[in-house]
2 protein chains.
Amino acid sequence: MRNILVVGAGKSTSYLIDYLLEKSISENLHVTIGDLYPEHISKNVSNHEYCTVIKLDVFDSIARQNAISNADIVISMLPARFHIKIAEDCLSLKKHLVTASYISSELKALDSQVKKAGLIFMNEIGLDPGIDHMSAMKVLDGIREKGGKVVLFESFTGGLVAPESDNNLWNYKFTWNPRNVVTAGQGGTAKFIQEGTYKYIPYHKLFRRTEFFEIKGYGKFEGYANRDSLKYREAYGLSDILTLYRGTMRRVGFSRAWNMFVQLGMTDDSFTIDNSKGMSYREFVNLFLPYSPTDTVELKLRLYLKIDQDDIMWEKLLELKLFDSNKKITLENATPAQILQEILEQSWTLNHDDKDMIVMYHKFGYELEGINRQIDSNMVVIGKNQSHTAMAKTVGLPVAIATLLILNKEITTPGVQIPLSKEVYEPILNELQKFGILFNEYEVPYLGYNPDSVAS
Amino acid sequence: MRNILVVGAGKSTSYLIDYLLEKSISENLHVTIGDLYPEHISKNVSNHEYCTVIKLDVFDSIARQNAISNADIVISMLPARFHIKIAEDCLSLKKHLVTASYISSELKALDSQVKKAGLIFMNEIGLDPGIDHMSAMKVLDGIREKGGKVVLFESFTGGLVAPESDNNLWNYKFTWNPRNVVTAGQGGTAKFIQEGTYKYIPYHKLFRRTEFFEIKGYGKFEGYANRDSLKYREAYGLSDILTLYRGTMRRVGFSRAWNMFVQLGMTDDSFTIDNSKGMSYREFVNLFLPYSPTDTVELKLRLYLKIDQDDIMWEKLLELKLFDSNKKITLENATPAQILQEILEQSWTLNHDDKDMIVMYHKFGYELEGINRQIDSNMVVIGKNQSHTAMAKTVGLPVAIATLLILNKEITTPGVQIPLSKEVYEPILNELQKFGILFNEYEVPYLGYNPDSVAS
């Protein structure tokens with residue numbers, strides 16, 4: 001029996017655990033799930049013959065080391081800041097480690113010791129980061145193998161609501177951490193490179209600088225820039241690329257409407273409002289508008305944001321009951337961002353039968369034999385239900401698959417790493433296909449940045 | 001002979017030192033000026049019979065303590081962060097201290113020891129903070145003495161260019177620290193209170209939420225909100241005031257045009273641009289605009305900021321040569337804010353004959369015998385020349401006057417303090433009048449927030 005320890009059994013672990021348990025007999029696996037609240041784990045899982053559920057507090061170092069020492073490989077699905085404790089134990093107890101999180105600098109610092117110990121610490125092997133890395137590297141390596149030179153790479157990912165559950169004016173519901181959605185784009189100017197020129201977008205313009213794209217069968221989407229599109233430039237082997245742009249996907253119109261909150265100051269998370277508890281939604285809106293003895297909150301807001309009479313953006317605000325005097329904020333001393341989140345959660349929470357949807361879109365421009373060419377690639381995954389979401393599937397399956405590949409010595413290169421090598425991405429992408437996680441790739445005419453061939 | 005030590009003889013000390021030296025015989029004063037660069041001090045000053053200039057490095061604790069021990073009172077005109085070293089020495093050597101800076105929390109912490117020693121550490125006794133405190137407290141105390149209840153206080157100060165030197169489209173030149181102008185309003189959402197309701201303005205809307213006012217003989221001005229208008233609410237005795245708004249003054253149209261830089265992201269001081277040195281002004285502007293193979297930087301900027309063909313804002317940009325390919329940035333790895341400052345300094349630096357102007361405007365609303373009333377109060381000071389600026393006059397004279405009043409035991413209340421008591425502001429404001437620094441006060445009809453009596 002090979003023992004797999006999964007630390008943290010939150011939202012995103014349903015598919016991950018199902019995958020491993022389904023392979024338990026054929027692959028000779030035993031899965032131990034360590035969680036602070038073992039009672040939350042479904043009976044289907046905890047009663048499984050090859051599964052053990054234990055109560056595990058990650059701050060209890062004896063219990064933690066004990067659990068890790070019994071495992072052959074450890075999967076940490078805890079929030080990223082907790083990984084380092086587990087990683088240090090894995091190093092000293094000589095266990096492999098898999099996480100879906102961004103590599104922290106402290107984790108990166110263990111690299112030479114991890115290599116020396118012949119261990120694999122695989123990170124960023126969820127959806128984004130994860131499937132984005134692997135699917136991009138597959139196409140990029142393919143272009144380079146043909147002798148092509150990559151000149152453009154754009155990549156967008158979105159966690160959205162499935163078309164069949166998409167029934168509000170924002171075409172959006174929270175399918176993941178709402179706080180990350182409310183504060184998205186904050187913390188620094190977005191930076192990317194377009195046709196060889198660096199470009200910068202300040203936060204207050206971010207949601208007005210979107211790009212559009214269409215995905216066959218799913219209609220139009222828009223994308224706004226991530227803070228640092230250049231983060232993986234060297235890792236992807238794109239040091240001299242002319243255009244590199246990474247971003248987040250939404251349905252068309254979301255960003256323009258979201259920008260209203262940004263402009264008002266409602267996404268601000270840097271100060272608290274003393275008297276927030278019991279304040280009405282209407283009063284909250286009025287905090288961000290000039291005083292007037294005569295004009296309504298509605299009129300002041302329309303003027304401030306220049307919203308025309310017939311602009312659908314207005315209906316989007318009404319749908320959220322933003323002008324309602326009877327709807328009250330329940331949070332005490334909350335930041336505007338926290339209050340906005342509370343208001344949005346009233347409208348944007350998935351209903352029992354709602355399904356989520358993951359969309360990923362890559363665009364690759366390259367030069368081959370003197371001709372500019374383009375490959376478009378996209379992936380759409382629709383969730384099954386509230387526990388088996390597309391998010392849990394696309395985050396959890398790559399983690400599970402990588403874990404098994406490491407156990408089976410099909411992934412062998414040691415070190416603290418992310419899934420950029422063929423050894424890693426090829427078997428994982430192949431296995432993901434069996435679960436309907438696959439990319440449609442099209443060779444299309446190169447459009448670059450002059451799609452309409454406008455004369456200069 | 002009473003010995004006064006002035007530490008730091010920068011831009012703002014010309015009037016301060018002149019005042020003390022002119023009183024040297026009648027008041028029996030000797031002034032010692034300690035500066036890191038004594039050679040920069042004018043011969044008129046250093047050759048004065050009752051003046052000694054010494055080289056003083058504030059980090060040399062022996063030299064510093066030596067200089068302080070020879071003085072009866074110390075004036076620190078150094079940047080605010082250096083005051084604490086001097087204050088600690090003043091405390092142990094039992095010397096009074098005067099500064100024009102905001103009280104830091106470490107300075108505030110010395111209060112009980114300063115009181116116990118019977119010393120006066122007077123701070124915030126320049127222009128803003130300084131004259132603003134004193135002139136406001138005089139009117140506020142007057143209203144309260146009459147039995148009135150203050151319901152509204154608005155206060156604006158601006159360091160501007162004098163009308164006779166006002167010859168650019170921005171109606172603005174740098175008369176003080178340019179960096180503070182470029183980064184003004186950053187570091188947090190502006191907060192104030194209007195008719196009993198808290199109001200918040202995020203940075204990216206700050207320059208579009210200005211108010212206008214007119215000063216007889218000087219035309220119209222506009223004001224944008226300070227970050228924390230409520231800072232002195234309790235100190236001024238205005239705990240239950242309905243409207244409290246403090247801000248910065250500019251000529252009408254400045255803020256709307258400045259907002260273009262804010263919107264573009266050019267005032268951002270949080271990241272550096274690697275290749276800034278040698279970049280043209282035009283290339284700098286293009287960093288903040290979308291790429292286009294066909295459209296000019298001019299057209300892209302007009303569209304992005306929605307600047308009409310005939311909008312004077314456009315001429316303001318042209319005046320700064322912002323689209324010039326031949327004008328080059330000289331700063332290496334600079335932030336956008338640093339680069340913008342370099343560009344603005346090419347256009348907004350005072351010429352040799354230019355004069356500056358200080359404008360202060362207060363509006364007091366109060367209720368007396370059931371009737372709402374209003375007092376408007378304003379001060380305008382024009383500079384004499386480049387060394388004797390209105391800024392140096394309005395910052396330096398209150399410091400010098402306070403110093404003499406403390407020496408003469410006309411100000412006697414000990415402690416770490418700011419000039420809010422009648423004991424302090426009355427003699428200082430009276431003396432300032434002799435130098436043309438005076439307030440015009442008018443009783444006007446109460447306007448409040450419905451100036452046009454619009455029906456609701």
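**Chain interface, helix packing and salt bridges**

The contact between the two chains takes 34 residues from chain B and 34 residues from chain A. The model is predicted. About 3,300 Å² is buried between chain B and chain A, and carbon and sulfur atoms give 55% of this area.

Over all chains, the count of salt bridges comes to 36. One of them joins A:K355 to A:E164, with the closest N and O atoms 3.9 Å apart. This pair links distant parts of the chain, the two residues being 191 residues apart. A:K355 lies in the loop between α15 (336–348) and β13 (356–368) of chain A, whereas A:E164 lies in the loop between β7 (149–161) and α9 (178–182) of chain A. Side chains of opposite charge can pair when their charged atoms come close.

Helix packing was examined within each chain. In chain A, helix α16 (residues 390–407) packs against helix α17 (residues 422–433) at an angle of about 125 degrees, and their axes are 10 Å apart. The helices α16(A) and α17(A) are therefore oblique to each other. Their crossing is right-handed. From α16(A), the residues A:L397, A:P398, A:I401, A:A402 and A:L405 take part, and they meet A:P427, A:I428, A:E431 and A:L432 of α17(A). The contact of α16(A) with α17(A) comprises eight nonpolar residues, no polar residues and one charged residue.

In chain B, helix α1 (residues 14–22) and helix α15 (residues 390–407) cross at roughly 35 degrees, their axes coming within 7 Å. The crossing of α1(B) and α15(B) is right-handed. On the α1(B) side the contact involves B:S14, B:Y15, B:L16, B:Y19 and B:L20. These meet B:A392, B:K393, B:G396, B:L397, B:V399, B:A400, B:I401 and B:L404 in α15(B). By class, the residues of this contact divide into 10 nonpolar, two polar and one charged.

A further pair in chain B is formed by helix α10 (residues 254–264) and helix α14 (residues 336–348), which pack at an angle of about 145 degrees with axes 13 Å apart. The crossing of α10(B) and α14(B) is likewise right-handed. Here B:F254, B:W258 and B:F261 of α10(B) meet B:L340, B:L344 and B:W348 of α14(B). The contact of α10(B) with α14(B) has six nonpolar residues, with no polar and no charged residues.

Conventions: Residues are numbered from 1 along each chain as its sequence is written. Chains are lettered from A and ligands numbered from 1 in the order in which they are written. This is a predicted model: local features need pLDDT of at least 70, side-chain atom pairs count only at pLDDT 80 or more; totals for chains, interfaces and linings use all residues. Side-chain values use heavy atoms; hydrogens and water are left out. Axes are lines fitted to C-alpha atoms, for helices over the stretch in contact, and angles run from 0 to 180 degrees between N-to-C directions. Helices (H or I, at least four residues) and strands (E, at least two) are DSSP runs, numbered from the N terminus. Angles under 35 degrees count as roughly parallel, over 145 as roughly antiparallel, 65 to 115 as roughly perpendicular and the rest as oblique. A crossing is left-handed if the near helix is turned anticlockwise from the far one by less than a right angle, and right-handed if clockwise. Contact means heavy atoms within 4.5 Å. Ala, Val, Leu, Ile, Met, Phe, Trp, Tyr, Cys and Pro count as nonpolar, Asp, Glu, Lys and Arg as charged, and the others, Gly among them, as polar. Buried area is the accessible area (1.4 Å probe) that two parts lose on being put together, summed over both. A salt bridge is a side-chain nitrogen of Lys or Arg within 4 Å of a carboxyl oxygen of Asp or Glu.
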